[in-house]
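Visitor: I am new to reading structures, and I would like to go through this one slowly. Could you take me from the strands up to the way the chains are arranged?

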4 protein chains.
Amino acid sequence: MTPVRVGVVGYGYWGPNIVRNLHALDNCQVVAVADTNPRALERARRIYPGLRLTTDQAAVLASPDVDAVAIVTPVWTHFELAKAALENGKHVFVEKPFTATSQQAEQLVELAERKNLRIMVDHTFLFTGAVRKIRELIDNGTLGPLYYFDSTRVNLGLFQHDVSVVWDLAPHDLSIMDYVIGQPPEAVVATGAGHVNSKVDMAFITVYFPGNVIAHVNVNWLSPVKVRTTLIGARDKMLVWNDLEADEKIKVYDKGVKVTSAEGVYDLLVSYRSGDVWAPRVDQTEALKAELNYFLECVMDGRTPFNDGQAGLRVVRLLEAADRSLAERGRTVAV
Amino acid sequence: MTPVRVGVVGYGYWGPNIVRNLHALDNCQVVAVADTNPRALERARRIYPGLRLTTDQAAVLASPDVDAVAIVTPVWTHFELAKAALENGKHVFVEKPFTATSQQAEQLVELAERKNLRIMVDHTFLFTGAVRKIRELIDNGTLGPLYYFDSTRVNLGLFQHDVSVVWDLAPHDLSIMDYVIGQPPEAVVATGAGHVNSKVDMAFITVYFPGNVIAHVNVNWLSPVKVRTTLIGARDKMLVWNDLEADEKIKVYDKGVKVTSAEGVYDLLVSYRSGDVWAPRVDQTEALKAELNYFLECVMDGRTPFNDGQAGLRVVRLLEAADRSLAERGRTVAV
Amino acid sequence: MTPVRVGVVGYGYWGPNIVRNLHALDNCQVVAVADTNPRALERARRIYPGLRLTTDQAAVLASPDVDAVAIVTPVWTHFELAKAALENGKHVFVEKPFTATSQQAEQLVELAERKNLRIMVDHTFLFTGAVRKIRELIDNGTLGPLYYFDSTRVNLGLFQHDVSVVWDLAPHDLSIMDYVIGQPPEAVVATGAGHVNSKVDMAFITVYFPGNVIAHVNVNWLSPVKVRTTLIGARDKMLVWNDLEADEKIKVYDKGVKVTSAEGVYDLLVSYRSGDVWAPRVDQTEALKAELNYFLECVMDGRTPFNDGQAGLRVVRLLEAADRSLAERGRTVAV
Amino acid sequence: MTPVRVGVVGYGYWGPNIVRNLHALDNCQVVAVADTNPRALERARRIYPGLRLTTDQAAVLASPDVDAVAIVTPVWTHFELAKAALENGKHVFVEKPFTATSQQAEQLVELAERKNLRIMVDHTFLFTGAVRKIRELIDNGTLGPLYYFDSTRVNLGLFQHDVSVVWDLAPHDLSIMDYVIGQPPEAVVATGAGHVNSKVDMAFITVYFPGNVIAHVNVNWLSPVKVRTTLIGARDKMLVWNDLEADEKIKVYDKGVKVTSAEGVYDLLVSYRSGDVWAPRVDQTEALKAELNYFLECVMDGRTPFNDGQAGLRVVRLLEAADRSLAERGRTVAV
């Protein structure tokens, strides 16, 4: 089996994790790393003395000994870099969010299809044991029909100067939501504010789905505490995913509601069922490693990944809708 | 000192707490309890064998030996009961939410003013040690200028057949928000859905204030876990109030953000300051007792309580705005 | 069915709970309450205006209209009061610890047997849903053979001037240990110290059982935090009981150890199995109510309760052994 | 400044952390790594291609270009390796516990003194921000006179085939205890049991100090949950260190006890003071890095480290006393 030869463009905050994991995979050969910042390359050189390092991104994107490129740069550069890579016949693994606009995403998807190349968008959380377990519990009917998805992702920082908290944090929640709900949304409402610089630093995004299914995402760069919690309500069981728990990340509650007849002013209309709680064991493998391995397999086998350009495009459309809604203090935006 | 003679109308879920606390106060005499449900009166009789009990609410509202009435009935009955009480010259303590419409609230406020009578709306949380401490930390400048108020109040049940989760749970958060932010809001956006019966059972309410101050309230009757947490962000310090903590309900974080110059694509625009955490001791006196005592004092001294009819009206207006916004999937409603 | 007529002796800290629960039970009539402190009786009078109240304990113990007495006084008075009650032909419900010495306990057990009367010692925790669930999980083999029982019960206060922390808090843990382990111990080792007055205010008690089963109890009146946690290790599954958790008091861990062959200096001798976690629903009925109801049933049916004088005697023997061990800084005391 | 040239003996579980940290320090040059297991060396080679690697431990201990050796091997090998190193004139950094017997420790201490060489025992926790903060709060009088030190270190595994849980886990707690209490103990009592193989897998160690100061250590390889918590009681304030907390590792409680006069049987002898809680910011630097840097400084400056052979010897004496006590089910062992 010939390993896939990968060039990595971008060695800033996330790039080193990409290189480290690719390096450890048997079916991969990291051919080159490009970054416009020589200091970033210096950091890479200390860990991988033998690696080809360059400030010339275009060279890597065009290099004949590269089969696929990983683009780990700021979002506003994704389109040009990915376009060049695809035009040069390279498969593309690209950081989230996919692109800065949905038009760009559509163009890349079309181009990849035309050239029969793979695009994978780095929605890393989809490869965690937790998210895979949640999807499994929905798919096998354990939870019953979905009621809602309510995700909170708040902490102090990390401010970025090129994007708002919506484009920085919400892609995680929206890609997970897209994956576990698995149907197209109807409308987006987003509210929020910015306090420190010109960027929105906290936002509340509601996504409406058919059949009264609703999702809500709370993202905030100005929280004194770190929270990574998702509640999923459904008819038969309910679920809490607390990603900061070391061991019991997912808890499934045998809880539910039953509508009953009621009489008298203070009587309840509904009754509640409350049973055991169950924390299924969740696979602890590093998600990024599993994801990159899957990328290499898709490249080798010509398979379309489930987190492909279309998945990336769906998330970008939601981000755009959120931006439009935010700009008008919560106007409902159909999608 | 002559004690205030109080008649209580309504002995359902909350009424017993009102009667128990009034009973224990020295400056109060509980004269009569009325409830249309004879079984409710039977429960009262077992605990207070000597008390005057009646199914005739109007009789209590008109009784010459009653100085003030506590109205602890469903919200749709508040207006008629309070109106009768005021017309009969009685001071009024009324359960939250104040009334079913803002027109009703305005009428009652006007009537009380004309008759020089007191109205107090039972926003119990304003009398907890936690909320009083939060207000103190804001008033004395410890937190610095406010950025946001983000409150989560979710649990499984209690469904009521006459109101939605917005009118059931959100009055708590909105009255606290009104109290600690202390300025008039500009606009409301609410999203949500109903899954079990025709009522909205989960809702997300954003309230915009001048100067980029923003509030968010997450209320949900369908959560598998109980959460009662409020984050308050401000320039100098940040605060978390977890009402389910037995001992450290409030934590003040010496955390903040400073905008700094940045260079290079991945550099941060801002830096973070992270210091000690401090959990001030919070008074554990039962809030309802303190509130009722304050009501009696206001009645005796002719003082206007801070949680008066105007305060109740402000909350009802926000609830109405939330309802209008919800009905159109998040339309922005100016207030 | 004629209700059991009960006289209560002692209306201090715990007595009001006894009276309140007896009062609410259908098969019981609270005939009289005695306390040597008139102020205690005054408190009782306010709640139960019709009740016979007296400072004459002996009168209640001898009253012909009393079938059974509940003794809720300091431990050093238990023997004389219970002896008088039994001699007068009354069944006895007595606060924990049963008596101040094992000789006293033995005498009372012998006397009750001779007069065919019931003694029940108030080991309230044995009637909680949590302890009953733990016993069930052991009895039905879910946990497999027991390895250990490790209980921590610490908080700030409540100091009592007549007993040490061992006699105040450890009876809870030792009675639970006795109930769930269900076999006679072999030896006791206790260490500890006193810092504030002459009493031991923190202690560590080890109890050895046959077959390498071991129990440990950590009791402390000087802890800044309240902890109520018991770990139970066993061959097939392990269990944590956190009594301060509102909802998930018991968690069962599908964890275990398997001895395997090992090679090389740093290799492990054993491997670990780690599976799901399960929090069974636990009955939330007030334990004291269930216990008192059971007492009344035992009295009416002539049944011997499982928490009888023998059970109380076993706990007192362990407390005496702990005291002897403590006095000599941890000498091993065979029991 | 000439860097210190270090040879590392042992590249098993902990050795890689030593090498990684030494590698990153400016004032150090890692000259060689020895391990009797060629597979361990293979792992080292992949990360440090240029490093001298050998299965010949003696060669490293004797190498003329080595100034100091780090001994990161099983405890039963420490004595021979450290002795050889010292005899060859090398400074010694050695894994905890220092040696397998106190006689060995005494010999090494004597030898190092005679040859004017440094010994440092790797009590890593003494270099964490948390332990340094605790020591500071004691030294500056914030806590007031100490009452007790109560440490719990339990989890599932890691079983080692050459030592018991006492020699594996308790050195952490005993070295911290030694550091923060800072006075010689009087007696040791240890209880415990073994369930899986012949080794003790859970133990409870009490250490008596002068003046009613008492320490307790609970170590357990068979716990379903991981706990790393130390309570420190003192006259003026109390402290909880939870090492598993990401942010608020240390909490200082303004709590205390005051003896007061009492009257009446149930009255309290003491009153409690309960004020604010304070979580001081704790330095998050990697402890091992700080410790190794300090070792290099001590070597270069000829300073005696505070965690020297004497400190290691004190811990070994406590471990031996615990073993003797355990063997006789808790006999009190004077130290």
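Guide: Let us start with a term: a residue counts as buried when its relative accessible area is under 20%, and as exposed when that area is over 50%. Please keep in mind that this is a predicted model.

Visitor: With that cut-off in hand, how many residues of strand S8 of chain B are buried?

Guide: Strand S8 of chain B covers residues 187-193 and is mostly covered.

Visitor: Which residue of strand S9 of chain B is the bridge partner of B:Ala190?

Guide: Strands of a sheet pair through backbone hydrogen bonds, either parallel or antiparallel. Here S8(B) and strand S9 (residues 202-208) of chain B run antiparallel and are joined by 7 bridges. Within S9(B), the partner of B:Ala190 is B:Ile205.

Visitor: Turning to chain D, which strands are the edge strands of its open sheet of 6 strands?

Guide: The 6 strands of this open sheet in chain D are paired in parallel, and their order is S3-S2-S1-S4-S5-S6. An edge strand pairs on one side only, and in chain D this holds for strand S3 (52-54) and strand S6 (119-122).

Visitor: What angle does the direction of helix H9 of chain D make with that of S6(D)?

Guide: Neighbouring strands of the sheet are turned against each other by 20° on average, direction ignored. Helix H9 (residues 287-301) of chain D packs on this sheet, where it touches strands S1, S2, S4, S5 and S6 of chain D. The angle between the direction of H9(D) and that of S6(D) is about 175°.

Visitor: Finally, which C-alpha of chain D is nearest the axis that relates chain D to chain C?

Guide: A rotation of 180°, with 0.0 Å of shift along its axis, superposes chain D on chain C with an RMSD of 0.0 Å. The two copies are thus related as by a two-fold rotation axis. In chain D, the C-alpha nearest that axis lies 2.8 Å from it and belongs to D:Arg331.

Key. Residues numbered from 1 in each chain as written. Chains lettered and ligands numbered in written order. Predicted model: local features only at pLDDT ≥ 70, side-chain atom pairs only at ≥ 80, totals over all residues. Heavy atoms only, no water. Least-squares fit on C-alpha atoms with pLDDT ≥ 70 in both. Pairing = 2+ DSSP bridges. Helix = DSSP H or I, 4+ residues; strand = E, 2+ residues; numbered from the N terminus. Axes fitted to C-alpha atoms, helices over the stretch in contact; angles between N-to-C directions. Contact = heavy atoms within 4.5 Å. Buried < 20%, exposed > 50% of the residue type's maximum accessible area, 1.4 Å probe, protein only.
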